[in-house]
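Today I'm looking up charged pairs first, then the pocket.

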Amino acid sequence: MKNAIVSSCLFGIPCRYDGKSVTDGNLIERIRRVCHPVPFCPEIYGGLATPRDPAERIDDKVVSDQGRDVTEEYMRGANECLRIAKMMDCRYALLKSRSPSCGKGTIYDGTFSGKLTEGDGVTAEVLMENGIHVFDSDHAEDFIKALSDEE
């Protein structure tokens, strides 16, 4: 069975910016049937606390709603995720949708208004640039299918 990176917050670890998780027990069990999940939170590994100020990606920067540039912490977490993925031979990742770190295809637009825009979070971007197949949590079924098809 393959190893795969899974956002820690999806796996029940309360590490989101608001100190919560977004776990779904049924989803976790289904993931465990197709892979060995490697829970990972780029923000925590980047040195940010839980809870923390919400942040959004604006071009190549990640900025908190208080105006603090947290790009360095987000990049540190993204690079650490890549290091762990390579070390654990993870070719797939299931990341939290719309996050400035983990979002794939759609992220918040940087205005802290709840509006979405096309784009990827920094971790999703780093992983994809290095050949890892990234799925966001809105497409968990596609992630499960892709891993099932590899068996």
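Entry 1. I looked up Glu-141 and found a salt bridge to Arg-30, with the closest N and O atoms 2.5 Å apart. This is a predicted model, so I'm keeping that in mind. Glu-141 sits in helix H5 and Arg-30 in helix H1, so the pair ties together parts that are 111 residues apart in sequence. I checked how open the two ends are: Glu-141 is partly exposed at 43% relative accessibility, and Arg-30 is partly exposed too, at 21%.

Entry 2. Next I went to Arg-57, which meets Asp-60 in a salt bridge at 3.9 Å, N to O. Arg-57 counts as buried, at 8% relative accessibility, whereas Asp-60 counts as exposed, at 62%. Glu-125 joins Arg-57 and Asp-60 in a network of salt bridges. For the whole structure, my search gave 11 salt bridges.

Entry 3. What does buried Arg-52 do without a salt bridge? I found Arg-52 in the loop between H2 and S3. The nearest side chain of opposite charge, Glu-43, is 4.2 Å away, and a salt bridge needs the atoms within 4 Å. The side chain of Arg-52 does make a polar contact with the side chain of Thr-50, at 3.1 Å. A polar atom of the Arg-52 side chain also lies 2.9 Å from the backbone oxygen of Cys-15.

Entry 4. Last, the largest pocket: I noted a volume of about 450 Å³. I got 24 lining residues, with Arg-16, Tyr-17, Ser-99, Pro-100 and Tyr-108 nearest the centre. The lining splits into 13 nonpolar, four polar and seven charged residues. I also looked up Arg-16 among the pairs: it forms a salt bridge with Asp-18, at 3.0 Å between the closest N and O atoms.

Notes:
Residues are numbered from 1 along each chain as its sequence is written. This is a predicted model: local features need pLDDT of at least 70, side-chain atom pairs count only at pLDDT 80 or more; totals for chains, interfaces and linings use all residues. Side-chain values use heavy atoms; hydrogens and water are left out. On a 1 Å grid over the protein atoms alone, a cavity is a set of points where a 1.4 Å probe fits but cannot get out, and a pocket is an open set with protein on both sides within 12 Å along at least five of seven lines; lining residues have an atom within 4 Å of a point. Grid points are joined across faces, edges and corners, and a volume is the space filled by probe spheres set on the points. Ala, Val, Leu, Ile, Met, Phe, Trp, Tyr, Cys and Pro count as nonpolar, Asp, Glu, Lys and Arg as charged, and the others, Gly among them, as polar. Helices (H or I, at least four residues) and strands (E, at least two) are DSSP runs, numbered from the N terminus. Buried means under 20% relative accessible area, exposed over 50%, partly exposed in between (1.4 Å probe, protein chains only). Lys and Arg count as positive and Asp and Glu as negative; His and the chain ends are not counted. A polar contact is a pair of N or O atoms within 3.5 Å; within protein, one must be able to donate a hydrogen and the other to accept it, and residues adjacent in sequence count only if both atoms are side-chain atoms.
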